[in-house]
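Hello,

Here is the structure I promised to pass on. Please open it alongside this message; my notes follow below.

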Amino acid sequence: MKRITSACLEQRIRFFDATGTISPEEELELYKKKMDKRNTRYEILETNKESDGSIIVKIRKQYNTYSTEGYM
């Protein structure tokens with residue numbers, strides 16, 4: 001039998017203005033607030049602003065409710 005003891009995801013997410021209603025900066029802040037509200041542990045590793053105004057964020061975050069021991 002096996003059991004997962006800790007896990008996390010590492011993602012690259014692109015925030016961009018597709019509809020003209022919210023800026024990429026605001027969308028990123030909303031994303032972080034949503035993770036905080038859900039008590040999801042996360043660590044932003046890298047943030048790059050592109051020439052087209054989009055923001056690319058490299059993030060490491062908790063997977064489901066697993067422990068993040070050894071990752072963060």
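**The sheet**

An open sheet is built from three strands, in the order β1-β3-β2, with antiparallel pairing. The edges belong to β1 (8-15) and β2 (42-49). Each of these has a single partner strand, so one side of each lacks a neighbour in the sheet. On average, neighbouring strands are turned by 15° against each other, direction ignored. Please keep in mind that this is a predicted model.

Now the pairing of β2 with β3. Strand β3 covers residues 55-62 and runs antiparallel to β2. Seven bridges join the two. Which residue of β3 is the bridge partner of E43? That partner is R60.

**The helix**

Helix α1 spans residues 24-37. It lies across β1, β2 and β3. Relative to β3, α1 runs at about 5°.

**The largest pocket**

The volume of the largest pocket is about 150 Å³. Its lining consists of L9, Y31, K34, M35, R38, T40, K61, Q62, Y63 and N64. By class, that makes four nonpolar, three polar and three charged residues.

Which element gives the most to this lining? It is α1, with three residues. Both α1 and β3 supply at least two residues each.

**Two loop residues**

T40 first. This residue sits in the loop between α1 and β2, and it is also part of the pocket lining. Is T40 buried or exposed? Its relative accessibility is 19%, so T40 counts as buried. The cut-off for buried is under 20%. Leaving out residues up to four places away in sequence, T40 touches M35, K61 and Q62.

Then I22. Its place is the loop between β1 and α1. I22 counts as partly exposed because its relative accessibility is 25%. Apart from neighbours within four places in sequence, I22 is in contact with D17, E27 and L30. How far apart are I22 and L45 in space? From C-alpha to C-alpha, the distance is 23 Å. In sequence, I22 and L45 are 23 residues apart.

**In short**

Three strands form an open antiparallel sheet, and α1 lies across β1, β2 and β3. The largest pocket draws on α1 and β3, at least two residues each. T40 is buried, whereas I22 is partly exposed.

Best regards

Conventions: Residues are numbered from 1 along each chain as its sequence is written. This is a predicted model: local features need pLDDT of at least 70, side-chain atom pairs count only at pLDDT 80 or more; totals for chains, interfaces and linings use all residues. Side-chain values use heavy atoms; hydrogens and water are left out. Two strands pair if DSSP finds at least two bridges between them. Helices (H or I, at least four residues) and strands (E, at least two) are DSSP runs, numbered from the N terminus. Axes are lines fitted to C-alpha atoms, for helices over the stretch in contact, and angles run from 0 to 180 degrees between N-to-C directions. Contact means heavy atoms within 4.5 Å. On a 1 Å grid over the protein atoms alone, a cavity is a set of points where a 1.4 Å probe fits but cannot get out, and a pocket is an open set with protein on both sides within 12 Å along at least five of seven lines; lining residues have an atom within 4 Å of a point. Grid points are joined across faces, edges and corners, and a volume is the space filled by probe spheres set on the points. Ala, Val, Leu, Ile, Met, Phe, Trp, Tyr, Cys and Pro count as nonpolar, Asp, Glu, Lys and Arg as charged, and the others, Gly among them, as polar. Buried means under 20% relative accessible area, exposed over 50%, partly exposed in between (1.4 Å probe, protein chains only).
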